[in-house]
Amino acid sequence: HQQAAAVADRYGSVRQTYSDWKTRTDRALAVYAGELPVVWPDKSVSTGLPKVPNLVQIAADDRSRLIASATPSLMVPPLSGRDKAKQEAERREHILTGYWDRNRMKTLTSRWGHDLMFSGLSAVRVLADTDKPKDERFPLYQRLAPRWCYPSPMFAQGPWVDDMLVVYEEQWADVARKFKAEVSSGALLKKDLKGKDRVRVIQFYDNTDFGVLCTLPGARKDPGDPRASGELWLIEPTKHGLKHCPVLIGTRATPDGIYRGEFDNALALMHVWNRLVTM
């Protein structure tokens, strides 16, 4: 319970620091989706599809396809010049290529390209695919949406991070279905939560453990209730057995080290152009 409270408190402390970055990312994604606000002379605001070519969308899609078309060279250098070391390096290259193919990385690289352009950050989680039998649990590469990510230390440049919080909101029915085995023991929650209630899910990863926490609304105030703080473990802290945090990041280089997308400066031009044509 103390660790659950510590994770929830940490999210509360980093959320404010990253709030400006999250706002900029959401603003750019809204323009990509065609949601452009227009301020009229009477100060009223209307939002709709742009009346001009959506240059942000055109540029992002074109460049993400270009990124996905380039296949990187997966190379593992030998530890020495001996023949045995070279054979072992070649074997590791074949294994790595197999992981790459099984995870359909061309699709992921396209989405990572979008992430870097819109937020300045891309993130991947690498853990064994526990949905498979033990002898088939190959590493699963999962893209993490930057708008959900809170890396530590603040604005880490990566690829390694000390720890990572991944925070999003979802309807309780979807959360319960996704973590069916884990929440089945908490039947009393059904009395307090309806399927459409939205709850906050907090995934945390560091160099030793990973876990998933759910923050519940309207928790009981009885100090004897283990849910008094409003936190429920969906996945208890689990040792992942790796030497590093299983989440790695890539970032765009910026002068101040703050995460910034490539379209921040173009949004003002898009808004002015769209407003002139609309009016």
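**A friendly tour of a predicted model**

Visitor: How many bridges join strand S5 to S6?
Guide: Welcome! This model is predicted, and we can begin with strand S5, residues 149-152. One of the places where the two strands meet is Cys149, whose bridge partner in S6 is Val166. S5 and S6 run antiparallel, and the number of bridges joining them is 4.

Visitor: How many of the 9 residues of strand S6 are buried?
Guide: A residue counts as buried when its relative accessible area is under 20%. By that cut-off, strand S6 is mostly covered, and its count of buried residues is 7.

Visitor: Which residues does the cis peptide bond with omega of about 5° join?
Guide: Look in the loop between S5 and S6, where you will find Pro153 and also Pro159. Pro153 is joined to Ser152 by a cis peptide bond, but there omega is about 0°. The bond with omega of about 5° joins Gly158 and Pro159.

Visitor: Which strands stand at the edges of the open sheet, and why is one side of each left without a neighbour?
Guide: This sheet has 3 strands in the order S4-S3-S10, with antiparallel pairing. Each edge strand has a single partner strand, so one of its sides has no neighbour in the sheet. Those edge strands are S4 (139-144) and S10 (247-251).

Visitor: What does the twist average from one strand to the next?
Guide: Within this sheet, S3 (residues 121-128) and S4 pair over 6 bridges, and Arg125 stands opposite Gln142 in S4. Going from one strand to the next, the twist averages 25°.

Visitor: Is Lys43 buried or exposed?
Guide: Lys43 is found in the loop between strand S1 (36-39) and strand S2 (45-48). Its phi is near 75°, a positive value in a residue other than glycine. The cut-off for this label is over 50%. With a relative accessible area of 68%, Lys43 is exposed.

Visitor: Over which residues is the pLDDT below 50?
Guide: The protein chain averages a pLDDT of 86, and 90% of the residues score at least 70. Where pLDDT is low, the predicted coordinates should not be read in detail. The stretch to treat this way has 12 contacts in the model beyond near neighbours in sequence, and its pLDDT is below 50 over residues 220-228.

Notes
Residues numbered from 1 in each chain as written. Predicted model: local features only at pLDDT ≥ 70, side-chain atom pairs only at ≥ 80, totals over all residues. Heavy atoms only, no water. Pairing = 2+ DSSP bridges. Axes fitted to C-alpha atoms, helices over the stretch in contact; angles between N-to-C directions. Buried < 20%, exposed > 50% of the residue type's maximum accessible area, 1.4 Å probe, protein only. pLDDT = per-residue confidence, 0-100. Contact = heavy atoms within 4.5 Å.
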